[in-house]
Amino acid sequence: MKKAFIFDLDGVIVDTAKYHFLAWQNLAKGLGISFSSAQNEQLKGVSRIRSLEKILEWGNTTISEEEFTRLMHEKNEEYLEYITKMDTSEILPDVPRVLDYLISQDQAIALGSASKNARVILEKVKLYDKFHAIVDGTNVSKAKPDPEVFLIGAQELDVSPENCIVFEDSVAGVQAANVANMISIGIGDAKVLHEADYIFNDFTEIKEEFINNLVMAKKV
C-alpha cells in the first residue's frame, strides 16, 4: 500500500528547538521578562507571531505594533545565525535510516513544519532531496493544532489523510495530525505526547517491522 509519511522538522529531524530557546530567551530578557525552558516547550509547533504574543502575555507586557515587528525580525535574525552553522551532525539519531527505508519501500515523504526556514535547514543537513514535498511556514496561514500544514502535505503527495502518518514532537502537532484523521506518532516524552497513537523517545526505537505495519494500517 502507498502511504504518506509526514515529518515535522524541529525536534523530530533536527534539534533546532535549542536555538529557538536561546533566541526567545534573549528577546524576553531585553523586555525584562523571565523565560524558562518549560515555557519554551509551549512554543513548540507554534508560529513566530503567536510565540511572541505568548511571551508578552507571560510578562504582562504591551508593546507597539512597530516594536512587535522589529522584535520578531531580530529574533529570526539571531536564529538564522545559529542555523547557518548547522551540518549533518545536527540530524537526530536514526532519522536518515528511517527516511532511507521509506524511500526503499517506495513510500511518499513530506515535511510539514511551521518553520519558514525549513528549506534552508534541510539543505544545511543535506536531507532536502529525501522529501517528495515540503510544506513549511511559507505555505500555510494557520498554525498547529490546525491541520492545514498536514492536509496540504497529503494533497501534494496525492494521498488521502487516513493514509498519512505524522511524526511530531509537540502537543499541537499531534493534535493537528489527529484532527486531520492521520496516524500520529509522538517523538519525545510519553507524558507530554499522550494524545499520539504511538510514542517513541526517538527514531532509534522505530524498527522496520513497525514501519511495515504502518504501511498496512489505517487510522480508526
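Hi everyone, let's begin with the lining of the largest pocket: by class, it has 11 nonpolar, 11 polar and nine charged residues. Here Ala, Val, Leu, Ile, Met, Phe, Trp, Tyr, Cys and Pro count as nonpolar, Asp, Glu, Lys and Arg as charged, and the others, Gly among them, as polar.

Before we go on, this is a predicted model, where local features need pLDDT of at least 70, side-chain atom pairs count only at pLDDT 80 or more, and totals for chains, interfaces and linings use all residues. Residues are numbered from 1 along each chain as its sequence is written, and side-chain values use heavy atoms, with hydrogens and water left out.

A pocket is an open set of points on a 1 Å grid over the protein atoms alone, where a 1.4 Å probe fits, with protein on both sides within 12 Å along at least five of seven lines; lining residues have an atom within 4 Å of a point.

So, which residues lie nearest the centre of the largest pocket? They are Val46, Ser47, Arg48, Ala114 and Ser115, out of 31 lining residues. Helices H1 (17–30), H3 (48–58) and H4 (65–83) each give two or more residues to that lining, and H4 has the largest share, with four. Helices are DSSP runs (H or I, at least four residues), numbered from the N terminus.

Now look at H3. Its buried residues (under 20% relative accessible area, 1.4 Å probe, protein chains only) are Ser51, Leu52, Lys54, Ile55 and Leu56. H1 and H4 are among what covers them. Just after H3, asparagine 60 takes a positive phi of about 50 degrees.

Methods. Buried < 20%, exposed > 50% of the residue type's maximum accessible area, 1.4 Å probe, protein only. Contact = heavy atoms within 4.5 Å.
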